[in-house]
Amino acid sequence: MTSRLGVIFALVFGLCVTDVAKVVKADPVPLPSATMRAVGGDGSVSETPEAADTPTERANAAWEAKDWELAAKLYEELSKQQDAPPRVWLRLGASLRALVKYDQALVAFQKATEIGAGPFAEYGKASTYTGMQQTEKAFTALDAAVKQGFTDLAMFSTDPNLQPLHGDARFEKLVEQVKRNARPCAYAKENRQFDFWLGEWDVSTTQGGVPAGTSKIELILEDCVVQESWKTLGSPYSGKSYNIYDAALKRWEQYWVDSTGGNIFFHGELSKDGVMDYWTDDIPQGSGPALRRHLQFIPMGADKVRQFSRGSTDGGKTWNVEYDFTYVRKAKSGT
C-alpha cells in the first residue's frame, strides 16, 4: 500500500498546490458540446448526449483551469452523490481552501478522512490549518499524514501552503521521514544485507581461475532490488537475477531468468557469518528425480565474492557441485 501512495496522490489530489495568500482564478477551459451527432443504421442523423460532457469532467476541467469557485461548486454537487469517492472530497477541500473558506475545507477533508483518503486528507488539513495560522494543528495533521505513509517529497518541500512551517525543527524532522517513506528500502538494514555484491565484476572459476564471464550488480527501484546482469564469455548466453528482501516473510528471494528461457526461484537469508544462503524447493525435472539447489554468495573482502552452487537429487542427503565462481571487482577507470 505505502509503495503506491505517490501514484495515488497524483491521481486523486492532483495539482492542488495553490498559494493560499493568492486566490488564483482562471477562465474556465472550453467544455465539449453537450450533444454529438450519431449516425443510425438507416443513415439517419440524431442528436445524442455527449458522453464527454459529464458532471465529473466539468468539475475536472474547472480544476485544471484553476477556477476554484466553479470547481468548488461542481465538486460540491458531486459530493452529494451516494458513495462519492475520496477524489471528490479531496478536490472539494482543496478548492475551498484556495478560496480561503477554511472551515468548509476542513469539513471536506474530514469527510475524505472518514472514507479512506488517509495521508492525502491529513495533508489537506495541514495546509488548511497553516492558512488559518494554527501552527500546532497544522503539525498534528502533517505528522498524521507522514505516519500514514505520505511520500511526495517534492510537494512536501515546495508547497507554498506549508512555507510558514519551514525553519521549524519539527518540519525538518518530517521531511526526513517523508524521504524514508518514499525510499523505505534505502533505510532498512535488512535490504542492505546484500550490498557486498554490488559492483562490476570479472568472473572466473574458483578452481583454476578460468575466465567465465562478467557481471554487473546494481540497485534499482529505489534501492529495493539488487539486479544482476550476467554475460558468459565467448557465448551468447546471458541472464539476470532480481534479489529482494521480503519483509513480510522475513527472507531474501532471488528470481533468475536467462536468454534460453530458463528461470529459477531461490529463497534464503543472510547467515550469521555473512554468507547469503539461497535454496530452492525440489524442482521437477524432465527425467529423473527432483532437483534441489543450494546457492551461496560468500564475501571474501571488499573486492572479491565467491558464488558457490550445489545440487541434490536425494532430498538434500548428498550434494554435487554445479559451479564455483569467484567474482573480482573490476578496477575503476584511471586507477
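**Close-up 1. Glu-253 and its salt-bridge partner Arg-251.** Glu-253 is buried at a relative accessible area of 14% (buried means under 20% relative accessible area, exposed over 50%, and partly exposed in between, with a 1.4 Å probe and protein chains only). Its partner in a salt bridge is Arg-251, with the closest N and O atoms 2.9 Å apart (a salt bridge is a side-chain nitrogen of Lys or Arg within 4 Å of a carboxyl oxygen of Asp or Glu). Arg-251 counts as partly exposed, at 25% relative accessibility. Please keep in mind that this is a predicted model, in which local features need pLDDT of at least 70 and side-chain atom pairs count only at pLDDT 80 or more, while totals for chains, interfaces and linings use all residues. Residues are numbered from 1 along each chain as its sequence is written, and side-chain values use heavy atoms, with hydrogens and water left out.

**Close-up 2. Arg-292 and Asp-282 joined by a salt bridge.** Here the N to O distance is 2.8 Å. Arg-292 belongs to strand S10 (residues 292-299), whereas Asp-282 sits in the loop between strand S9 (276-279) and S10, so the pair ties together parts that are 10 residues apart in sequence (strands, E with at least two residues, and helices, H or I with at least four, are DSSP runs numbered from the N terminus). Arg-292 is partly exposed at 23%, and Asp-282 is partly exposed at 40%.

**Close-up 3. More charged pairs.** Side chains of opposite charge can pair when their charged atoms come close. The whole structure holds 15 salt bridges. One of them joins Arg-58 to Asp-53, with 3.1 Å between the closest N and O atoms. Arg-58 is partly exposed, with 29% relative accessibility, while Asp-53 is buried at 18%. Elsewhere, a network of salt bridges links Glu-136, Asp-168 and Arg-170.

**Close-up 4. The largest nonpolar core.** This core has 25 residues, and those with the most contacts inside it are Tyr-75, Trp-89, Leu-90, Leu-92 and Ala-112 (a nonpolar core is a set of buried Ala, Val, Leu, Ile, Met, Phe, Trp, Tyr and Cys residues joined through side-chain atoms within 4.5 Å). At least two residues come from each of helices H2 (55-64), H3 (68-79), H4 (86-98), H5 (102-114) and H6 (119-131). H4 gives the largest share, seven residues. A second, separate core of 20 residues includes Phe-194, Trp-201, Phe-297 and Phe-325.

**Close-up 5. Helices H3 and H4 crossing.** Their axes come within 8 Å and cross at roughly 150° (axes are lines fitted to C-alpha atoms, for helices over the stretch in contact, and angles run from 0 to 180 degrees between N-to-C directions). Residues of H3 including Trp-68, Tyr-75 and Glu-76 meet residues of H4 including Trp-89, Arg-91 and Leu-92 (contact means heavy atoms within 4.5 Å).

**Close-up 6. Phe-150 in a loop.** Phe-150 lies between helix H7 (135-147) and helix H8 (153-158). This residue is buried, at 1% relative accessibility. Asn-181, 31 residues away along the chain, has its C-alpha atom 6.7 Å from that of Phe-150.

**Close-up 7. Ser-238 in strand S6.** Strand S6 covers residues 238-246 and includes Ser-238. Ser-238 counts as partly exposed, at 26% relative accessibility. Leaving aside neighbours within four places in sequence, Ser-238 is in contact with Trp-230, Lys-231, Asp-258 and Ser-259. From Ser-238 to Ser-259, 21 residues apart in sequence, the C-alpha to C-alpha distance is 5.5 Å.
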